[in-house]
Each structure stands twice: as C-alpha cells, then as structure tokens.
Amino acid sequence: MDKIMQSRMDRGFMRHQKEYENKALEVLRSGWYILGKEVENFEKEFADYVGCRYSVGLASGLDALWLAFKVLGIGEGDEVIVQGNTYIASVMGITINGATPVFVEPDKYYQIDVDKIEEKITDKTKAILVVHLYGQAARMDKVVDLCKKFGLRLVEDCAQSHGAKFGDKMTGSFGDIGCFSFYPSKNLGAFGDAGAITCNDPELARLMKIYRNYGSEKRYHNMVVGANSRLDEMQAGLLRVKLKYINEINDERASIASKYAKGIDNTLVIKPEVADGSSCVWHQYVIRVPKYRDELMAYLADKNITTIIHYPIPPHLSEAYGYLGLKRGVLPITENYADEVLSLPIYCGMTDDEIDYVISAINNFKK
Ligand SMILES: *Cc1c(COP(=O)(O)O)cnc(C)c1O
C-alpha cells in the first residue's frame, strides 16, 4: 500500500481533468484575467447554490472574514463571540479590524455550545461568528434566536461547510454574511487561493465589491481604504466546473465517513457524531483519543498513514493572541479537544482498499 495522505487534491482533479483543462485554456485565451464574466457567473451560481441573493468573490477565506466585519462596521471597542476551538483565521477575521474575540466552549459535536453563548454577551457585543467546524452545521435555530433577542449581527465561517445544512437551509444563508474559503483542500477547493461571501442585503454586497477593489466602485474614485482582494478569472472559472460536482463530492465524503463509522471499533477512540437537525459534509473526519492520541498518530505514521491535528494550539493560547492575556485553563473543553483530536485521511477518490487499511490499522492499535 502506498502512503495514505490525510488529504490529496490530485485525484479530485483527475476525475474531471479534461473539463478543468478546457476551462483553464478558455480563460487563458480570453485575454481577460481579473473581474470578468467567470467571476460574475460564479457569483450568481454560488449564490444560487447557497440560497442567497448575492455572492461576492474574494481572494481568500480570511479576507471574506475580515471584510465581513469591516462592512458591518465592527471594530475597535466591539466584542465578537466565537468558539474557542477554531482555525486561527476565524479569530484573525475579528481582530484585524481591532475588535475583541470572546471565546465560547464547544459542544460534543465540536460546534459552538449554544447554551453557553448568552452568559458571554455584554453591552459591547456586536456579533456572533459561528464556525461550522469540520463540515457540520452548528445549531443555527438557537444562534439566530439569540441574535434577534440581543440585536447582534450574525456572521458564519463556512470555510469547511460548503453544502452543509441546518434544517433545510444551507450554512452561509442564516446570517448577515456567510464567509467561504476555496483553499484547495476545502470541499469546494480552487487551484490556488480564493474565497467569497454570501449575503441577502444589496448594500452589503455593494460595499463588499467596493472594499475588494481598493475601495472604489468607479475607477480611480476611492471612497474608503479598501483591499486588493479580487477573485481572479482563472480560479472563478475552475470553481464553476467544480461547483457542478459539489454534491457528488460531499456524497463521496459522507460515504467514506460512514465506512469509518461502521468499521472503526476501538474502545480507545471516540468517533464523531452529527447533531439532530444538522448535516455534515465531512470536511474532516475527526476522532478523539483521550489517552493515547500522540501514540496513535505515531503508530499510524509507522503504517504509512498520515493524520493531522485540527488544531493543536487553540487560538487563545497562540503566541499571536498572547496580548489577550488568556491563560491555559480558561477554556478547559477547547484545550482538552486540542490534546485529543485527530483527523483521519479523507478525500475524493479515496479507494475502498485505502479506507479499509486505515480502519484495520486503527482497530489493531492496542495499549
Ligand atoms: C481555511 C479556513 C479559513 C481561511 O481560509 P483561507 O482561504 O485559507 O484564508 C477560515 N476559517 C476556517 C474555519 C478555515 O478552515
């Protein structure tokens, strides 16, 4: 058995190779590379997919996040509630604008614990940033209620949840703004950096288009200090090809996850669960190993299976956020998860032999 990587992008590309290559040539030959018909069409198609009126293409998921808070006018002196166990980009999206993150512990599904949000709301709280971590939709009914009750903005970090639903609504369609990353390893991955936001408010969409292009709507008339965060024609064109297959991609990941769920049978391992009402697109298949996580990781590496920890250092304990003055112990569940989680290989084109090999290696791990 060849080495099994935790994620691989070549097989997904190969499955529709001809279509991607044709689209790449079409864009190259068009002579138009920034903000053209591919971006416009992708924005329409992606907004339709998510069930929103608007989508605006951007250069990355991080840009989607910080520009979301920017156009909502959230910054210095404001607080934004976010779960403790997330990728650091979620938190940077808040702090780049000068706002302060206020962390909430996750539930057993690794999503923000909706019962612990209200106690963190102060008169400075302006928004809740929900991260649909690992591809599972958070409990949006509760979050939406809280935002209504306290007059808060709702931003969703959907970088890992393209296509995941709560009830019959897509993640990215619940809040004021949905933030997406199309980093190559995401479920809807581009072939380079790319991102987008979704929203229903035409004014927010308009502002986002202004901010992504140096703060100008009309060339050389700069209204605000913006960014250069344009989705390019090549990525947009290739994303349009992939978007046609997103349901197929998510179904395939779900089928790998269900094989893991059926096959993995080791009392040292806690398998992931999906909450009632939520769906999961299995951006990651994350197990927890309370006692021997690092030993299992080394054991699997020895068997040529790569696993990854998402994420070993929670943002509040990272060097970057030392200035918040949060010490180990303030978010015990978050910190515990960081010590116990392990993401198994999952990617499009993963063969049954590869899946079975991973399952039996985990089942053979003894202590
Ligand atoms: C990948 C990711 C981001 C950042 O996206 P980039 O396109 O890499 O900037 C933000 N939040 C989460 C949860 C992510 O997984």
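The ligand here sits in the largest pocket. Bear in mind that this is a predicted model.

**Around the ligand**

- Two elements each give two or more residues to the shell around the ligand: helix H4 (61–71) and helix H5 (88–95).
- H4 gives the most, with 3 residues in that shell.
- There are 13 residues around the ligand, and the ones that come nearest are Gly61, Asp157, Gln160, Ser181 and Lys186.

- Glycine 61 uses its backbone here: one of its polar backbone atoms is 2.8 Å from an oxygen atom of the ligand.
- Leucine 62 also takes part through its backbone, with a polar atom 2.9 Å from a ligand oxygen.
- Glutamine 160 brings in its side chain instead, where an N or O atom is 2.8 Å from an oxygen atom of the ligand.
- How much of the ligand does the protein bury? On its own the ligand would expose 380 Å², and the protein buries 91% of that.

**Salt bridges**

- Side chains of opposite charge can pair up when their charged atoms come close.
- Counting nitrogen–oxygen pairs within 4 Å, the model has 23 salt bridges.
- One to look up is glutamate 252 with arginine 15, whose closest N and O atoms are 2.5 Å apart.
- Glutamate 252 belongs to helix H9 (residues 246–263) and arginine 15 to helix H1 (residues 10–15), so this pair ties together parts that are 237 residues apart in sequence.

- As background, most peptide bonds are trans, and most residues other than glycine have a negative phi.
- Going from histidine 310 to tyrosine 311, the peptide bond is cis, with omega near 10°.
- You'll find tyrosine 311 in the loop between helix H10 (293–302) and helix H11 (332–340).
- Tryptophan 282 isn't a glycine, yet its phi is positive, near 50°.
- Look for tryptophan 282 in the loop between H9 and strand E12 (285–288).

Methods: Residues numbered from 1 in each chain as written. Predicted model: local features only at pLDDT ≥ 70, side-chain atom pairs only at ≥ 80, totals over all residues. Heavy atoms only, no water. Near = heavy atom within 4 Å. Polar contact = N/O pair within 3.5 Å; in protein donor to acceptor, adjacent residues only side chain to side chain. Areas by Shrake-Rupley, 256 points an atom, 1.4 Å probe, with all protein chains shown as cover. 1 Å grid on protein atoms, 1.4 Å probe; cavity = no way out; pocket = protein on both sides within 12 Å on 5 of 7 lines; lining within 4 Å. Sits in = over half its atoms within 2 Å of the grid points. Helix = DSSP H or I, 4+ residues; strand = E, 2+ residues; numbered from the N terminus. Salt bridge = Lys/Arg side-chain N within 4 Å of Asp/Glu carboxyl O.
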